[in-house]
Each structure stands twice: as structure tokens, then as C-alpha cells.
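Q: Please take a close look at a single part of this model. Keep it brisk, and give the cut-offs.

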Amino acid sequence: MKLLVTGGAGFIGSNFIRYMYQKYPDYLIINLDSLSYAGNLENLRDIVEQDQKKDKRYTFVKGDIADSKLVNTIVEQGVDGIVNFAAESHVDRSIDNSRIFIETNILGAQVLLDAGLRHNVSRFIQISTDEVYGSLGPTGLFSETTPLAPNSPYSASKAGADLLTRSYFETFGLSTIITRCSNNYGPYQFPEKLIPLFITNALEDTQLPLYGDGLNVRDWIFVEDHCTAIDKVLHHGRPGEVYNIGGNCEKTNKEITMTLLQQLDKPQSLINYVKDRPGHDRRYAIDCSKLCTELGWSQQYDFQQGMQRTVTWYLENKPWWQRIKTGEYLDFYKRWYEER
Ligand code: NAD
Ligand code: TYD
């Protein structure tokens, strides 16, 4: 199978490529990534080095998913499946400026869908988010039939792409599937999201900015569990369907913060309650029984195991996140890439 993975230099995309590369020794993987601020070639350094020595079945292409010419040039070379991770992914950035979110998350998806249709790809997986469903009250779960009600420009752009993806199935018969996953955590997550930001700030003894009352709830899933779910969907999912993916692990942001401080042996005085995020969704919780019963997926990591692996990774990979925090990584990886 020849897979085009977009956004493979980011957090989840790089974990997915590593997982698929190791699990399927005969798969060819093309990673198309524009290397935005969140794209980092070091995330796949081990795979690149292994591949150059032996397999030669991983290719990196630097480019924009909204570049129709480039995307068609790649897809016409006999791509079987497209897995679209490429996105602007941070809610706070979408509040500051939403334009790039529309350009990448919607227009980029449209270019990929068109290319998939034109060149007859047999699978198109749109990686979406539970945030398209909006916010829950104290009870209830998002199911695949929950109406879309996005509240941030980020989630609105993802919902737009979901609807467009659906239309390519209904109108043209493209074999699309949408996955909607809850909040991921794990190695290689850019330190602007809650968990890596708070781990790295705590390690530097700087403040942890907790929004509002800290009681907003997210459902947390370890990134490798997300990858195994996408693998199931890619190979066994039914075209035209949506599959929710979740970790069955609801936590308030305050609970997450307390857990991290305890694991790192840092004081609660580092917590700084700050002004709330505008339009801040109160609670997300996922019903992923369709994925479990229909495709036989189950998660491998509970919260304690996942957090242990995550905290250990950030402790062992200080240069990775320190270079990001100081802005040095841009030069560092540019050099590293040019040397290859
Ligand atoms: P990320 O920000 O870490 O990575 C995004 C990647 O996309 C980066 O490598 C970036 O360079 C690349 N990219 C951005 N614009 C591009 C463009 N125009 N062309 C090509 N590449 C481009 O994001 P992530 O957390 O890994 O999320 C990946 C996907 O999963 C996104 O679609 C996101 O909506 C979805 N998702 C994320 C989470 C989460 O908790 N992080 C949860 C559910 C769904
Ligand atoms: P985030 O990691 O940005 O993911 P999302 O907004 O997509 O769920 O935020 C997770 C939760 O943590 C969310 O309720 C906002 C909150 N949060 C903070 O309290 N402080 C922060 O500095 C960040 C980045 C997030």
C-alpha cells in the first residue's frame, strides 16, 4: 500500500507514521508537510535514519496541501490512501487570526479530496476532532450523530472540512471516512497545548496559566491509541462513515495540572489562574462504542500509563522542547534537513 500522510511532521502525524512504518514493512509512506511552526523534521529522525540505511520506503515532501499542482503530482503516482492530518490545530491561535485555519483546514482538504477523486484513491481518511460537536453540559456524550456545533474558528474550520469530506462521498462516491478524536497527549506534542506546555513550564519553574476556573473537562487519549484506531479505520472502516475515537478519560484541567505537578515534584504555587479563553468549551466527552464494537478497537494505555510515558519522554528529550521554546529549532532543523 502506498499512503500519502499529510501533516506527518506534526505531533499525531509523526506518531502515526512511526507506528505504520514499523507495523507494515511493505508499506510506502509519503509525508507531505509544509513545516509550519508546528512541523518539525526531528519528530521522525529515527525513521529517516532507519529508512536511509535500509528500506527506502519513506519520502518527505515539503509543501502545502492547498497547492493543487504539487498534490496532484504526488497522488497521480499511484497513491492508494490519503490520511489527512495537516491542519492548523491550536484553538488560541485561531482566536488570534482565523484566516490560515480556513486556508489549510478547509481549502487544503478540498485540494486533497479533489486529487483523491481524480486519481481514484481507494481510501481518504479525514482526521477530525470531537471539537466539531461543540460543548457538553455536565452529563452526556458526543456520538457520531450529535449535531455539529463548533464554537471556535479552529473547530468551525474542521467542521467545514468534515462536511466537504461527507459531500465527496455522497456526490462523487469517493471512499471517505471521518474520524473525530478527543484530546491527545504523548511524545512530540508541540509545547503550546495544555499538557506539554505545563510539563515544560513546570520543568523550567515558570507559571502554569490555567484558564478560568480550571474546571473545563476534556477526554484524554494517549497518542498511540489514536494511531491504532486510525489503523483500524483505514483498513476496516466503512466508506461514508464517521468514527468517534476517545480515551474514556474525563479530567478537569485542574486535575491534569495537579497530576503533572505531583509527577514532577513541583509546587502548586506554580499554578496561575488567568483570564478565560473566549468561547471556551466547557466539557467534551466521547462515546466511541461504534469503533469498539464494529472495528474491534480497544485502547492500550490508561491515563496513568500514558502520562508516565509522556512525562518521561519530556524529561529525556529536553533539547527537543528547549529548542522549540527558544525558537532555535527553526535554524537547527533547517540545517539538519539541508545536510541530508
Ligand atoms: P500539529 O499542529 O502538531 O501538526 C500539524 C502538522 O500539519 C504540522 O506538521 C504542520 O507543519 C502541518 N501543516 C500545517 N499546515 C499545513 C499545510 N498547509 N500543508 C501541509 N502541512 C501543513 O497538529 P496535531 O495535534 O498533530 O493534529 C493533527 C490533526 O489531528 C489535525 O488535523 C487536528 O485537527 C487533529 N486532531 C488533533 C487532536 C489533538 O489533541 N492534538 C485531537 C483530535 C484531532
Ligand atoms: P488545548 O491543549 O489548547 O486543547 P483544546 O483547546 O483543543 O481542548 O487545551 C486543553 C484545555 O486546557 C482547554 O480547556 C484549555 C485549557 N488550557 C489552559 O487552561 N491553559 C493553557 O495554557 C492552555 C494551552 C490550555
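How many bridges join S5 to strand S6, and how do the two run?

A: Six bridges join S5 to S6 (residues 176-181), and the two run parallel. Strands here are DSSP runs (E, at least two residues), as are helices (H or I, at least four), numbered from the N terminus. Two strands pair if DSSP finds at least two bridges between them. This is a predicted model: local features need pLDDT of at least 70, side-chain atom pairs count only at pLDDT 80 or more, and totals for chains, interfaces and linings use all residues. Residues are numbered from 1 along each chain as its sequence is written, chains are lettered from A and ligands numbered from 1 in the order written, and side-chain values use heavy atoms, without hydrogens and water.

Glutamine 126 has isoleucine 178 in S6 as its bridge partner. The chain crosses from S5 through H6 to S6, and this β-α-β crossover is right-handed (clockwise from the first strand over the helix to the second, with the strands pointing away from the viewer). Strand S4 (residues 81-84) also runs parallel to S5, joined by four bridges. There, valine 83 stands opposite isoleucine 125.

Seven of the seven residues of S5 are buried, so S5 is largely enclosed by the rest of the structure. Buried means under 20% relative accessible area (1.4 Å probe, protein chains only). Both faces are covered: Arg123, Ile125, Ile127 and Thr129 are buried on one side, Phe124, Gln126 and Ser128 on the other.

S5 also supplies the largest share of the shell around ligand 1, three residues.

Technical notes: Buried means under 20% relative accessible area, exposed over 50%, partly exposed in between (1.4 Å probe, protein chains only).
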